[in-house]
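Here is a quick tour for anyone meeting this structure for the first time. Have a look at the model, then read on.

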Amino acid sequence: MLAISLLTPPYATLSYATPAWLDVSAWKCGQRVIVPLGKGGMLRAGIVVSVDDDSSVKEGVVLKECLWPAEREPLLRPEYLGMVKQLALRHMVTEGEVLGGLLPAGLRTSKIRLRILDGGKPRTVTMRDLAGMSAEERSRVGALWAGNAVEILDSTFDAEEQELCSLLVDPPWSVRPSAKRQIEVLEYLHDKGMLSRTRLLQELGSGISAALNTLAERGLVRIGPREGGTCESCEDESNECSFGFGEGFTLLPEQQAAFDDFSALLHDETPKSALLYGITGSGKTVVYLELAAEALAKGLSVMLLAPEVALACKLDSAVRKRFPSQECFFYNGYQSPTEREKTFRLLAKRTTPCVIVGTRSALFLPSSRLGLIVLDEEHDTSFKQDEGLVYQAKEVAHYRVQQSNGLLLLGSATPDVKTFHAVQQQAVSMGVMKERAGEGKLPEVSLLNIKNMKRSDGILAAECKKQIRETVERGEQVVILLNRRGYAPLMYCLDCGHVARCPHCEVGLTYHKGRERLICHYCGYSVSYPVVCSKCKGLHYLPMGEGTEKLEENLIEILPPDTKILRLDRDSTRRPGKMQRILDAFANQEAQVLVGTQMLSKGHHFPNVTLAVVADGDLGLNLPDYRAAERTFQLLVQASGRAGRGEKAGRVLIQTRDPGHYCWQFVGSADYDGFYAEEIERRRKRKYPPFVKLALIRASYPLDWNKGVEWVETLTEVARALGKEHDVRVLGHTPSPLPVLRGRKRFQWTLKSDDWISIRTLYYAMRNAVPRGSKLRLSLDIDPVNML
């Protein structure tokens, strides 16, 4: 009997019989297989999670027979299946859901073929053909399989799948307003990034082929295969990115001390976790690389992870320069499905040590003997995935080093409060680096009170404008942080006072002037501008507030005419390679000012930047989230770290309307220890993590479902009754801070407990109280990083 976890809905783990046409030894744990499902003859791919004898089958139960293996040797090792099982238990989902979220798309398909060499006449059969054969015919194929006369072919080669479509020109585009299909293609590529022609046709319909070809002819869109050896994120030779360090590292005293401590942990035969607490510019990457060299010398593999693709690309470049003869793998979610599948397959078979660099998804690559895992900028919320398969990368990394007796190294200038608390409790070791490498010194930080500024003055105070202008005139560079993209976050109707809102999310639409569209940043809904007011049918709108696009426009008016300004945000970096070109241009001093969102706050080295400006320091400070002050402190200290990294002294100006907030006294001196002491006491008093286990249970239902409120109230009664029984404090139900998203009304319960088991028990009971087929969706978010 085989227990098989399906890789597509319903993601169940089902029992199948080993078929008579193949020897029982052909079936192994961790192997991909093709199985029949339901009465309609559907075929699905699955993973064998256990192989048992038939004695465990209950009397009277007749099992369907598994159809065929998708590979001769297992794709997944036992330790990988162990990780999958633990993830499924932790988040109360099936192993199939976990596997379906981890494996590349090409490994989840049932569309494989067999090439059969029978009597010198090769023939190809699909799984559908095989399912339609008689038992005798399948036995014949089984005998040929045993004699190695059957070869597995993966899904049919699709030429259009290899043709990648990407934008060549940023908006606004020179396209007639009446060319709606062309505009649809441009907008879709702008939102989604590089896509295969197949995916584009699936999403927009085959009718867009003519529009796509026209755009290619006009030079607005590129269609074709990615050139070999290029990095998709920076569209440059992967070992020639401008990120990275030169040859021949010499460790400074603090770096050497940290390296010595961590090296001892690496050579210990028990699993360890450690924190590298180093200020911005202290050279943490050098320590990572020297530890990687130690691990490789021991015959162990290394994994270096960053929260963003640009930072991962920087690590990849540094690794390749440090280890020119070592095989390295680069992996992130923006790569094509084919490329990700290729990397996964290579590592599944590999037994020799290697280096893996990537973003959080690289953590699930099937690398053996992982001796060192590094999470750079470990405090970043990007390491938590809270949509689809929910997981915290730090927890998964901790589990993986436990399996291999390796070292998990977390690096940050502003560590997660929970991580630093673990250090204080001596559960995690720590190395400290408080001196900048090279000539750079920490910048002077000043607060500007803009409480009395008028809206007509714009977002920058007069003193701020003066400092920016003087810095540019001295031939130095400026970075300006405004963590809000677009031109204006709200569009106000002058005729009736209505604010343009998303019809699916009930949040304000952001005006993007370059694209002449109003866009919802939560569900992606967009409409061309000018737009008719849904209330009064008027056309007179006033843009309110300011985003990076408008800030860039306003700076042109206050700076010398020849000043070059660049913008770094999600909108300006949609095209492949655009982010890297912006960063390279600024690093090469081709521009004097760089405006951006949090993308520019960490990891970038610009020696000529002497002024960093935070245009709205309060943004995010008062969100309904217990981590709001921590996130603000981390963001602003990281942003401040962009100034003064060269020989010239740096300065930071932070604009705030709330200068009395406790956060500012620590931001000004980059005093993480002081901030931690203040923050940890506040959490102790209010019983927030790390002093309690915290989880969110979220419920949502369609706006037009009239039984939604009734069911939410019923679940609240269930939660409170069980909360008293299991000593779980239940807060709610309450409307979510974003009460409507994607056409669904949202509520949530906040749970606090001393243990996770009680929280899971409560959630399990609530989930079982919802009848099958209900329109109510329920989800559990353990230790959430996003309370919205």
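Two strands count as paired if DSSP finds at least two bridges between them. Keep in mind that what you see is a predicted model.

With that in hand, take strand β1 (residues 2–6) and strand β2 (residues 13–16): they run antiparallel, and four bridges join them. Together β1 and β2 make a hairpin, with six residues between them. In the turn sits Y11, which has a positive phi of about 60 degrees. Across the pair, I4 stands opposite L14 in β2.

## A salt bridge along a helix

Side chains of opposite charge can pair when their charged atoms come close. The structure holds 33 salt bridges.

One of them brings together the side chains of R345 and E341, at 3.0 Å from N to O. Both R345 and E341 belong to helix α12 (residues 337–349), where they are four residues apart, or about one turn of the helix.

Which residues of α21 and α22 meet? From α21 come W711, L715, V718, A719, L722, G723 and H726, and from α22 come S758, T761, L762, A765, M766 and A769. Sorted by class, this contact has nine nonpolar residues, four polar ones and no charged ones.

Note on methods:
Residues are numbered from 1 along each chain as its sequence is written. This is a predicted model: local features need pLDDT of at least 70, side-chain atom pairs count only at pLDDT 80 or more; totals for chains, interfaces and linings use all residues. Side-chain values use heavy atoms; hydrogens and water are left out. Contact means heavy atoms within 4.5 Å. Helices (H or I, at least four residues) and strands (E, at least two) are DSSP runs, numbered from the N terminus. Ala, Val, Leu, Ile, Met, Phe, Trp, Tyr, Cys and Pro count as nonpolar, Asp, Glu, Lys and Arg as charged, and the others, Gly among them, as polar. A salt bridge is a side-chain nitrogen of Lys or Arg within 4 Å of a carboxyl oxygen of Asp or Glu.
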